[in-house]
Amino acid sequence: MSGHYDVDAVRKEFPAAERITYLDSGFQTPLARPVKAAIELFLREGLETAGPKQVWLDRVEQTRARVARLLGASADEIAFTKNTSESMNIAANALPLRAGDKVLMIHGDHPNNAYAFLNLQRKGVAVEFVPMTEIVDADSIRPYVDANTRAISMSQVTFHAGHRFDVESIGALCQEKNLYFVVDVMQAIGVVPIDAKAMRATFIGSGSHKGLLVPQGLGLLYWVKSRTELEPAYLAAASLADIPADLIARPDELALSTNARRFELGNFNLPAIHALGASLDMIEAIGVQNIQNHCFDLGDHLIAELDRLEIRLIGPRDRQHRAPHIYVIALPAAEWLGHFEQNGVRVSPERDGIRVSFGMFNTSADVDRLIDVIRRRGVTPSSRAA
Ligand SMILES: Cc1ncc(COP(=O)(O)O)c(C=O)c1O
């Protein structure tokens, strides 16, 4: 049941969700039938026709335009990459940072973003970690901005305890202080509405195996195209404004494409881009706002049940600061994970407990089942995480 869309119909597209209580979309989402069908179509075309490459490339461009719509951007601001890590590394290495410059990040935020910037220490760039407080917004970041600060990079939603950082206010701070702003939306995309322009992001990076429902191996990069000073660290023919018709490289003709293709390298992950086309069909049909609201409702139900069991929620509680779909509950993972597994409930171990994460197909019955499995083992004071 949902007041937002027909969840039962959506759930039928995810056979894995019928077999186990799947509360682990923050790790990866199970495959949906239409996504599988799109990959199969691609394989069949390859098998039977040796590959209609132009048809496939046309679909790449259609999907690029739809990704752009999802992010409130234009198609020429979107590049396809391999995953979030690659997107963040492309971004980190495109920023004109020099020795003595400083980048601010959030302590404990996802390492795949952190290492992209920590690697710049080799150039003398400093990375300073700001504590992950329950609310991270312009006011909490401002005291760390000094004369050397050039960039801020963070997730919109943390993988850890579902913090939803106020990226709009931090984007406004970046504009005020003339800082580059790089945002990892991997945990947000497909569940939380994203507006690249409202965020005033310079770059946004993501993978696609969570809210975007695609198997691992496809990433996205948004680049605000007005920042033409940002150039790729790597170069391929696809990055150029004019690819020589005879495909003979010209040493003196290296002008970059004026669109985000300047950051793309070679051929695409075509099966995954086909999968993405199908998952965008599903997401667009439901609406990200509705997915968000549905997950918030599930989260409210979960929090109420946890309160009844006197189990603490790690991370923010109120809708304004929490992600709709990611909740870490204070049960020690080492003690509880096996119990969940034995009872057919899939969750993730986390630093401070057990992470429960929702996808578009979850229902309140999944939450009830989780709670029932917790009750069955019994929560004693010692089995609660500190
Ligand atoms: C915030 C965040 N960023 C990035 C990733 C993954 O990075 P990649 O797409 O490079 O595997 C995850 C989780 O897998 C994540 O939660």
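Visitor: Which residues surround the ligand?

Guide: A residue counts as near a molecule if one of its heavy atoms lies within 4 Å of it. In this predicted model, the ligand's surroundings are N83, T84, S85, H110, N112, S155, F159, D184, M186, Q187, H209 and K210. Local features here need pLDDT of at least 70 and side-chain atom pairs pLDDT 80 or more, while totals for chains, interfaces and linings use all residues. Residues are numbered from 1 along each chain as its sequence is written, and side-chain values use heavy atoms, with hydrogens and water left out.

Visitor: Which side chain lies 2.5 Å from an oxygen atom of the ligand?

Guide: That is S85, through an N or O atom. Elsewhere, a ligand nitrogen is 2.6 Å from an N or O atom in the D184 side chain, and a polar side-chain atom of Q187 lies 2.9 Å from a ligand oxygen. The cut-off for such pairs of N or O atoms is 3.5 Å; within protein, one must be able to donate a hydrogen and the other to accept it, and residues adjacent in sequence count only if both atoms are side-chain atoms.

Visitor: Where is T29 found, and is T29 buried or exposed?

Guide: Buried means under 20% relative accessible area, exposed over 50%, partly exposed in between (1.4 Å probe, protein chains only). T29 is in the loop between β1 (21–22) and α3 (33–49), and counts as buried because its relative accessibility is 10%. A polar atom of the T29 side chain lies 2.8 Å from the backbone oxygen of K210. Helices (H or I, at least four residues) and strands (E, at least two) are DSSP runs, numbered from the N terminus.
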